[in-house]
Amino acid sequence: RLVEYQSVGRDITERRQAEEALRASEERYRAFVAQSSEGIWRFETEEPVAIDLPELEQITRLYEVAYTAECNAVFARTFGFETPDQAVGARIDTILPGEDPKSLDIALAWIRSDYRLTDEEITVTDNEGQELTLLINMAGVVEGGCVHRAWGIFRDVTERRRAAQALL
C-alpha cells in the first residue's frame, strides 16, 4: 500500500533551447568556414608562450609548441594537404618554414603589431613549389601575458599582383 508519494520536476525547456541554439550556431560557423573562398585557420599552442620573452625567443617557442588546430580546405590545399583533417596537427614550420627569412619577418611583424596582422601581404611557396602572394589577417589570443592561440584568414592575390606588375 502507498502511503506517501513525492515528485520533483524541473522545467529544462530553456536549457534545451539554449543547447539547440548553440548547436545551430556551430553548424552555421562550420558551414561558413568550409565554404569560404579564403583560407581560414586556427593555431593553438601546447603550452602558452610568454609575451615578455625577447621576440626571437617567442618565435622559437611558437615554432616548438604551436600547431594547426583547425582549418578549411583552402588553407589545407594551399599548404599541401588533401583535406583539412590532414592539416590538423601540422606544425607552423609546415606553413611558414622557420629557415625562410620571410617567415621571420612575418612573425616579427605579428609580434610588433600587438599580435595582429591586418591586410599583410606575404609571399609563401605552395605545395607545388609555386610562389603565392597572400593577403593575411591574423589575430593572436593573449591572456595572462601569454599567447595561447591565433586565428587567421588569407586571400590569394597572386594573379592580381602579377597583373599589376605586368601593367608597370
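Helices here are DSSP runs of at least four residues, and they are numbered from the N terminus. Please keep in mind that this is a predicted model.

With that naming in place, let me take helix H6, residues 101-112, from its start to what follows. At the start of H6, a side-chain oxygen of Asp100 comes to within 2.9 Å of the backbone nitrogen of Lys102. Does the length of the helix agree with its residue count, or disagree? At 1.5 Å a residue, the 12 residues of H6 should span 16 Å, and because the C-alpha atoms at its ends are 16 Å apart, the two figures agree. H6 is then followed by Asp114, which has a positive phi, near 60°.

Which residues of H6 are buried? They are Ser103, Ile106, Ala107, Leu108, Trp110 and Ile111, and what covers them includes helix H2 (55-65) together with strands E3 (116-125), E4 (131-143) and E5 (146-156).

The crossing in which H2 passes H6 is right-handed. On the H2 side the residues that meet H6 are Glu55, Leu56, Gln58, Ile59, Leu62 and Tyr63, and their partners in H6 are Ser103, Leu104, Ala107, Leu108, Trp110, Ile111 and Arg112.

Tyr115, in the loop between H6 and E3, has phi near 65°, a positive value in a residue other than glycine, and Tyr115 is buried, because its relative accessible area of 5% falls under 20%. Asp119, which is found in strand E3, also is not a glycine and has a positive phi of about 50°, but with a relative accessible area of 47% Asp119 is partly exposed.

Finally, a residue in another helix: Thr78 lies in H3, residues 73-78, and is buried, with a relative accessible area of 13%. Leaving aside residues up to four places away in sequence, Thr78 touches Asp126, Asn127, Leu132 and Phe154.

Key. Residues numbered from 1 in each chain as written. Predicted model: local features only at pLDDT ≥ 70, side-chain atom pairs only at ≥ 80, totals over all residues. Heavy atoms only, no water. Helix = DSSP H or I, 4+ residues; strand = E, 2+ residues; numbered from the N terminus. Expected span 1.5 Å × (residues − 1). Buried < 20%, exposed > 50% of the residue type's maximum accessible area, 1.4 Å probe, protein only. Contact = heavy atoms within 4.5 Å. Polar contact = N/O pair within 3.5 Å; in protein donor to acceptor, adjacent residues only side chain to side chain. Left-handed = near helix turned anticlockwise from the far one by under 90°.
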